[in-house]
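Reader: I am new to this structure. Please take one part and walk me through it closely, contact by contact.

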Amino acid sequence: MRTRPAGIGDVNADWMGSLPSKLSAMPLKYLAVPGSHDSFTFWVDVHAPVGPDQKAYVKYLATMFSVLAKKVMVKWSMTQNLTFREQLDAGIRYFDLRVSAKPGEPGNEIYFIHGLFGHKVRDGLLEISSFLGRHKKEVVFLDFNHYYAMDAEHHVYLIRMLQEVFGSKLCSDCAVESVTLNYLWEKKYQVIVFYHHPSAQGIPVMWPGNKIPAPWANTTEPNKLIKFLDTTLKERNKQGSFHVTQAILTPTVNTVAKGLVWGLRDYLVEKNLPVIMSWVQTQRPGADGVNIITSDFVELTDFANIVIKLNNLLLSDPERKAR
């Protein structure tokens, strides 16, 4: 049985429901919300084929050096240690989701994917739904933004699955400015699904991807990342949408080659997190500030608490709220 990492509890399991009334009446796009990057990578299947999201040379190496190559891939594919339940208990409310069918597998089953296949999507959704059933005032963002090896039937299957699992908890697409926690609680909505694919057009409970831009710095250098995040935050107010600040570094082929045996966490993430988190702590939510912030390995720092506490700044700065 998998043990919960030390220091992880359910201290933030009800943080949205505990916010002051001034904040629950404010558009959700103005609040600071903690999220995770590649949220599902706490487990990947080393026995399954390499995923269709990988380049040809990676697939070739995995074929030539099967077990060894996949052990290396696990170290660079995993960006989270906590399960969905543990992330939710810790306060994470935004999930970055990449999905794929398995080429050649009969039926329409869909799996999470990041280099290697993860759990079945249905299992993850059921875990999230179970949490929401126990925490009626908590709301999650599910951002389905990458799809692999999926045809029209797979998309129909996945959209239907989302409707079956969450049912009346699904919030219908509407003006972002009108979405407050009070509005969601009144309607008993707890899930906002973003579906970045034309298959979802015309389905009211599937929000389009352009309502949640997530600019990506694509760099290994924390200083370049911070400059990029500052620049994109200045532009967010024009977009009339939710906004994801990806406070993450992205390894290059050279990075992986140099840190082959260490992996993403040991070689790139841990040593750079203090700089990134220092930047996060200086941010402010609001119309021209941060909204959703994502991180790798959310348990390595007090990430969720730090982001949630940024909302207190909205209570002490009435001018900022009104902007």
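**A buried lysine and the strands beyond**

Author: The model is a predicted one. Which residue does lysine 29 form a salt bridge with? The partner is glutamate 177, and the closest N and O atoms are 3.2 Å apart. Lysine 29 lies in the loop between helix H1 (21–24) and strand E1 (33–36), while glutamate 177 lies in the loop between helix H6 (152–166) and helix H7 (181–187), so the pair ties together parts 148 residues apart in sequence. Glutamate 177 is partly exposed, at 40% relative accessible area. That salt bridge belongs to a set: the structure holds 10 salt bridges.

Take another one. Glutamate 138 forms a salt bridge with arginine 93, with 3.0 Å between the closest N and O atoms. This pair, too, links distant parts of the chain: glutamate 138 sits in the loop between helix H5 (121–134) and E5, arginine 93 in the loop between H4 and E2, and 45 residues separate them. Both glutamate 138 and arginine 93 are buried.

Now helix H4. Aspartate 89 and arginine 85 both lie in helix H4, 4 residues apart, or about one turn of the helix. Their side chains meet in a salt bridge at 2.8 Å, N to O. Is each end buried or partly exposed? Aspartate 89 is buried, at 2% relative accessible area. Arginine 85 counts as partly exposed, at 34%.

Next, the strands. E2 and E5 run parallel, joined by 7 bridges. Arginine 98 stands opposite histidine 146 in E5. Arginine 98 also belongs to a network of salt bridges with Asp38 and Asp96. On E5 there is a further partner: E5 and strand E6 (residues 191–195) pair in the parallel sense over 5 bridges. There, leucine 142 stands opposite valine 193 in E6. Of the 9 residues of strand E5 (residues 140–148), 7 are buried, so E5 is largely enclosed by the rest of the structure.

Last, the rings. The count comes to 13 aromatic pairs. One of them is phenylalanine 84 with phenylalanine 95, edge-to-face, 5.3 Å centre to centre and 85° between the planes. Phenylalanine 84 is in helix H4 (residues 84–90) and phenylalanine 95 in strand E2 (residues 94–100), 11 residues apart. Both are buried. Ring pairs link Phe84 and Phe95 with Phe40, Phe42 and Phe112 into a cluster. A charge meets rings as well. The charged end of lysine 102 sits over the ring of tyrosine 111, 4.2 Å from its centre. The charged end of lysine 102 also sits over the ring of phenylalanine 117, 5.4 Å from that ring's centre.

Key:
Residues numbered from 1 in each chain as written. Predicted model: local features only at pLDDT ≥ 70, side-chain atom pairs only at ≥ 80, totals over all residues. Heavy atoms only, no water. Phe/Tyr/Trp six-rings, centres within 6.5 Å; stacked < 30°, edge-to-face > 60°. Helix = DSSP H or I, 4+ residues; strand = E, 2+ residues; numbered from the N terminus. Buried < 20%, exposed > 50% of the residue type's maximum accessible area, 1.4 Å probe, protein only. Lys NZ or Arg CZ within 6 Å of the ring centre and 35° of its normal. Pairing = 2+ DSSP bridges. Salt bridge = Lys/Arg side-chain N within 4 Å of Asp/Glu carboxyl O.
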